[in-house]
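Subject: Structure handover

Hello,

Here is the structure I promised to pass on. Please open it and keep it beside you as you read. My notes follow below.

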Amino acid sequence: MIRSPLMTVMTDAVAKAARSLRRDFGEVEQLQVSRKGPADFVSAADRNAEEILRAALQKARPDYGFVLEEGGVIEGADRSHRWHVDPLDGTTNFLHGLPHFAISVGLERDGQPVAGVVYNPIADEWFIAERGKGAFLNNRRIRVATRQSLDQALLLCGVPHIGRGDHERFLRELSHMMVNFAGIRRQGSAALDLCYVAAGRADAFWERDLKSWDMMAGLCILREAGGFYSDADGGADPCASGSIACGNDFMHRELLKILRRANPASAAARKG
């Protein structure tokens, strides 16, 4: 586990928000049977956790800016540092009582991810990393899997839902993935998907239509675990483009090849 002052600030803030979310998650099952349903309650839980995170991080680093899922962009006096905060990544899972969601806090320095904390409060799993200090799951150092064969590999993905994303493009890309990978899973939390690749639980991950708060923490954790990433079209900045393709070196390269085959017009335009 990393014991630096920065990591202490981040994990303390996340632990405070986790207590709130864990308590609220215990109420979801009862709300499922109410006529109104749990959606409004979950939105309030999300906002409350974000306020806890913002207050704790701002107290410790008052000059840093924020990119918040609920609160938007808040500029700080220090223009080099920004927190990217997702207080509840996996809201739909939370809404339905599925215990697979996370708090994600990533620190950006001059456009680069330099520290990340992703915490699943139900599983009590802390994924943490700081640039140059490695990546950890609780007290165990983690590394990406070394698998070099797609037909033995597990791929994670995100699925666009109603009102979001290019469904035709996703189905086209998925059809290409299905004939190459041993298994494909959609788990509902991009932050945890990145961490699962970092920990070797999965071999690769791709998704489009993401935000920086979904990825900033996970990108640092993945990189410190020896992973490779780009956006889904091969660009260098997933947070700017809103998409991700990642794995070990081999998996990342093969994933991009498949995505290019699935989108020949886009690939040709980039070459031109």
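Start with Phe 101: this residue is buried, with a relative accessible area of 0%. Buried here means under 20% relative accessible area, with exposed over 50% and partly exposed in between (1.4 Å probe, protein chains only).

A word on the source. This is a predicted model, where local features need pLDDT of at least 70, side-chain atom pairs count only at pLDDT 80 or more, and totals for chains, interfaces and linings use all residues. Residues are numbered from 1 along each chain as its sequence is written, and side-chain values use heavy atoms, with hydrogens and water left out.

Aromatic rings

The structure holds seven aromatic pairs. Rings of Phe, Tyr and Trp (its six-membered ring) pair if their centres lie within 6.5 Å; planes under 30 degrees apart count as stacked, over 60 as edge-to-face and the rest as tilted. One of the pairs joins Phe 94 and Phe 101 edge-to-face, at 4.9 Å centre to centre and 75° between the planes. Phe 94 counts as buried too, at 0% relative accessibility. Phe 25, Phe 94 and Phe 101 form one aromatic cluster.

Another pair is stacked: Phe 170 and Trp 206, 5.8 Å centre to centre, with 15° between the planes. The two residues come from distant parts of the chain, 36 residues apart, with Phe 170 in helix α4 (residues 167-178) and Trp 206 in strand β11. Helices (H or I, at least four residues) and strands (E, at least two) are DSSP runs, numbered from the N terminus. Phe 170 is buried at 9% relative accessibility. Trp 206 is buried at 1%.

Two strands pair if DSSP finds at least two bridges between them.

Strand β11 (residues 204-207) pairs with strand β13 (residues 244-247) in the antiparallel sense, over four bridges. There, Trp 206 stands opposite Ala 245. β11 also runs parallel to β9, joined by three bridges. On that side, Cys 157 stands opposite Trp 206. β9 and β10 are parallel as well, with three bridges. Leu 156 faces Arg 185 of β10 there.

What lies across this sheet? Contact means heavy atoms within 4.5 Å. Axes are lines fitted to C-alpha atoms, for helices over the stretch in contact, and angles run from 0 to 180 degrees between N-to-C directions.

The eight-stranded sheet

A further open sheet has eight strands in the order β2-β1-β3-β4-β5-β6-β7-β8, again with mixed pairing. Its edge strands are β2 (72-74) and β8 (140-141), each pairing on one side only. Strand β1 (residues 64-68) runs parallel to strand β3 (residues 78-89), and five bridges join them. Gly 65 stands opposite Arg 82 in β3.

Helix α6 (residues 212-224) turns up here too. This helix lies across β1, β3, β4 (102-109), β5 (112-120), β6 (125-130) and β7 (135-137), at about 100° to β5.

Best wishes
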